[in-house]
Amino acid sequence: MRTSGAARTSITLLAWAVALLLFFPIAWTILTSFKTESSAIDASEMVHFQPTLASYSEVFERAEYLDFAINSVIVSLGATLLVAILAVPCAYSMAFHPTRSTRGLLLWMLSTKMLPPVGVLMPMYILFRSMDLLDTRVGLSLINTLVNLPLAVWMLFTFFKEIPRDILEAGRMDGAGVTDEIRHLLLPLALPGVASTCLLSLIFCWNEAFWSLTLTSSSAAPLSAFIASFSSPEGLFFAKLSAASTVAFAPILVLGWLGQRRLVRGLTFGAVK
Amino acid sequence: MTTASQQRSASLLWTPAVVVLAAGSVIPLLMTLWFSAQRYNLLTPDLSGFSGFENYRHLLGDPAFWASLRNTLVLVGSVLLVTIVLGVLLAVLFNQDFRGRNFARLLAIAPFFIMPTVSALIWKNLLMHPVYGVFGIVARGVGGTAVDWFADHPMLSIIVILSWEWLPFSLLILLTALQSLDQEQLEAARMDGAGAMARFAWITLPHLSRAVSVIIMMETIFLLAVFAEIFVTTSGGPGTATTNLAYLIYGRALLQFDIGGASAGGVIAIILANIVAALLARTMATQLET
């Protein structure tokens with residue numbers, strides 16, 4: 001396309017202005033995390049300040065912070081592992097051994113996403129209470145598994161569909177069993193798809209807030225629930241809030257950036273490529 | 001193992017996932033329906049029993065319920081409008097060839113990956129706080145007055161935060177859709193004398209329609225269930241100004257322990273979501289044909 005020099009310059013400027021504007025709250029949080037509490041609320045020290053790691057060390061010194069972080073890691077990884085164990089065989093059989101019920105099952109799985117969490121809050125709370133799952137990592141992992149399973153099956157299904165059937169059939173001729181077929185033929189071929197499915201599940205588990213806030217209180221609470229404790233009106237701890245937030249979002253932001261291109265397909269159930 | 005029995009076992013590998021999902025969704029759903037017809041409050045355990053539509057009648061007669069329903073619709077509608085209109089414009093912008101495009105794209109989509117409790121709190125405190133927030137400081141710096149966002153415009157504040165969270169989502173999807181646009185078709189239209197606006201309206205926009213419908217449906221599912229952002233900023237207030245259906249039900253359930261009432265609200269939330277679901281299923285069904 002022919003674009004004049006001036007038009008190109010203004011497009012560059014405009015696009016960068018928009019990008020920086022959208023990123024500003026994140027950049028500002030990272031910046032504030034290197035301030036002291038007093039310089040964080042001092043208008044004269046908005047940009048010119050003495051950088052310090054004081055807020056980070058204070059956040060980490062509060063022993064619980066690590067506990068919250070560990071809860072986040074265990075619950076996210078645990079739920080994602082469970083999702084993968086359930087979703088890979090399911091998507092495999094739906095993609096390569098479809099039956100008359102496959103289509104209906106896929107649509108039914110999608111329909112469970114339409115169940116608003118708050119619609120089943122009461123039963124979940126009561127079931128969790130009676131099974132002693134309230135405020136446990138196991139309980140939170142289970143609920144995250146339920147939340148992410150339909151999306152994972154759909155996402156894997158669309159990735160598996162693109163793998164030529166001949167390759168798997170050739171393996172079957174050579175006498176490979178179903179387990180071998182999945183492990184040695186399908187998974188290597190579909191690795192990028194499986195990886196991005198797991199990545200999306202990790203991101204959703206890590207950021208999950210509704211069930212974390214309602215079904216956990218202290219011993220299994222993840223970072224998203226911990227950050228919520230900064231919401232008290234007295235708690236004007238801008239620098240500590242920023243440091244705790246930065247540590248909470250940094251790993252998932254990096255993962256999200258790495259996988260962004262492939263995530264689109266999962267987020268749209270394969271409808272946009 | 002014979003091929004036939006292998007085939008049979010392979011075509012049954014979906015069962016564990018389906019059983020888990022069915023147990024985790026159908027059982028709670030039936031329980032919600034059951035509770036919604038019960039007099040059931042954890043604070044008054046001696047008052048119990050079947051109450052028919054009593055919980056529903058009580059809920060429908062409560063002004064707070066209608067306020068929450070209106071707030072839910074305002075919230076979903078506003079965020080959808082903002083994210084789609086801006087999303088289309090920004091996708092066209094970011095689809096242009098400019099210096100550092102890939103890096104600028106990464107910055108623009110970053111808000112989507114930030115956890116909701118963090119997003120809400122950094123907006124409320126670091127940016128929108130009337131005394132110490134960046135907006136207030138900048139406003140006073142240019143001679144204006146700072147706005148007390150959450151006191152004076154609580155709903156608008158929540159809409160701004162949610163739009164910031166969801167704009168990257170629509171941008172990312174629309175950008176992907178734009179990249180599959182047939183450039184030759186655009187070039188042919190240009191040769192035929194179609195202006196930039198005409199090409200946008202007659203070729204680009206129709207090409208994006210599928211992506212837009214997916215965005216509408218996905219965002220609606222999540223926006224109907226918005227909770228954390230309200231929980232950490234306004235707690236539904238002032239009054240019921242920012243109480244959506246999800247937050248209202250949460251209050252009935254875990255603050256007032258009115259299980260019957262909360263479940264009746266839950267059923268209404270489910271019905272609302274299913275109106276959207278019907279539309280989503282229709283779009284997605286065409287996916288299975290290909």
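**Reading the interface and chain B**

Guide: Begin with the contact between chains: 85 residues of chain A are in contact with 87 residues of chain B. Bear in mind that the model is predicted.

Visitor: Which element gives the largest share of the side of chain A that touches chain B?

Guide: Helix H1 of chain A, residues 5-32, gives the largest share, with 16 residues. By residue type, that side of chain A has 61 nonpolar, 20 polar and 4 charged residues.

Visitor: What is the secondary structure of chain B?

Guide: Chain B has 14 helices and 2 strands.

Visitor: What percentage of the residues in chain B is buried?

Guide: Buried residues are 43% of the 290 in chain B. As for contacts in chain B with a separation of 6 or more, 68% are between residues 24 or more positions apart.

Visitor: Where does B:Gly237 lie?

Guide: B:Gly237 is in the loop between helix H12 (228-233) and helix H13 (245-255) of chain B. The C-alpha atom of B:Gly237 is 7.8 Å from that of B:Pro154, although the two are 83 residues apart along the chain.

Visitor: Why does B:Gly237 count as partly exposed?

Guide: Burial is read from a neighbour count: 20 or more is buried, 12 or fewer is exposed. B:Gly237 counts as partly exposed because it has 15 C-beta neighbours inside 10 Å.

Notes:
Residues numbered from 1 in each chain as written. Chains lettered and ligands numbered in written order. Predicted model: local features only at pLDDT ≥ 70, side-chain atom pairs only at ≥ 80, totals over all residues. Helix = DSSP H or I, 4+ residues; strand = E, 2+ residues; numbered from the N terminus. Contact = placed C-beta atoms within 7 Å. Nonpolar A, V, L, I, M, F, W, Y, C, P; charged D, E, K, R; others polar.
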